[in-house]
Amino acid sequence: MAKMTADEKLVHYKNVCDSLGLNPHTKPFGYIHLKGKLTLYALRAATDQLRSLHGVSVVSTATSVQNNIATVTCVVRDKNGRED
């Protein structure tokens, strides 16, 4: 992506949004560098829209801290009742 022109990045951004059913005007993605490569990164606007589109809700959460590391575990359920 780093070698893409601004217009090419815009087309790619819109294509990704379209493929996922996301509204590009809400800025669902940002650009970050990962391992030396420019990458699209899903922001909260993307995750909120995806949760709404797919009927995903948070059932429960649990937080623990060990050795200064916080771990958050979430159980989610989709509109068909599947839990992860």
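Thr47 is located in helix H2, which covers residues 44-54; helices (H or I, at least four residues) and strands (E, at least two) are DSSP runs, numbered from the N terminus. With a relative accessibility of 38%, Thr47 counts as partly exposed, a class that lies between buried (under 20% relative accessible area) and exposed (over 50%), for a 1.4 Å probe and protein chains only. The C-alpha atoms of Thr47 and Pro28 are 7.9 Å apart, although 19 residues separate the two along the chain.

This is a predicted model, in which local features need pLDDT of at least 70 and side-chain atom pairs count only at pLDDT 80 or more, while totals for chains, interfaces and linings use all residues. Residues are numbered from 1 along each chain as its sequence is written, and side-chain values use heavy atoms, with hydrogens and water left out.

**Overall architecture**

- The protein contains two helices and four strands, and their order along the sequence is α-β-β-α-β-β.
- The radius of gyration is 17 Å, well over the 12 Å that the globule rule gives for 84 residues, so the protein is more spread out than a compact globule. The radius is taken over C-alpha atoms, and the rule is 2.2 Å times the number of residues to the power 0.38.
- The C-alpha trace spans about 45 × 35 × 20 Å along its principal axes.

**Surface, contacts and charge**

- Of the 84 residues in the protein, 13% are buried.
- The accessible surface amounts to about 6600 Å², with 55% of it belonging to carbon and sulfur atoms; such areas come from the Shrake-Rupley method with a 1.4 Å probe, and for residues only the protein chains shown count as cover.
- Among contacts (heavy atoms within 4.5 Å) between residues at least 6 apart in sequence, 24% join residues at least 24 apart.
- The protein carries 11 positive and 7 negative charges, whose mean positions are 5 Å apart. Lys and Arg count as positive and Asp and Glu as negative, without His and the chain ends; each charge is placed at NZ of Lys, CZ of Arg, CG of Asp or CD of Glu.

**Aromatic cluster**

- The structure holds two aromatic pairs. Rings of Phe, Tyr and Trp (its six-membered ring) pair if their centres lie within 6.5 Å; planes under 30 degrees apart count as stacked, over 60 as edge-to-face and the rest as tilted.
- Tyr13 and Phe29 pair edge-to-face, at 5.9 Å centre to centre and with 90 degrees between the planes. Tyr13 lies in helix H1 (residues 6-20) and Phe29 in strand E1 (residues 29-34), so this pair ties together parts that are 16 residues apart in sequence.
- Tyr13 is buried at 12% relative accessibility, and Phe29 is buried as well, with a relative accessible area of 8%.
- Tyr13 also forms a tilted pair with Tyr31, at 6.4 Å centre to centre and 45 degrees between the planes. This pair links distant parts of the chain, with Tyr13 in helix H1 and Tyr31 in strand E1, 18 residues apart.
- Tyr31 counts as partly exposed, at 35% relative accessibility.
- Tyr13, Phe29 and Tyr31 together form one aromatic cluster.

**His12 in helix H1**

- His12 belongs to helix H1 and is partly exposed, at 28% relative accessibility.
- Leaving aside residues up to four places away in sequence, His12 touches Met1, Met4 and Leu40.
- Between His12 and Ile32, 20 residues apart in sequence, the C-alpha to C-alpha distance is 15 Å.
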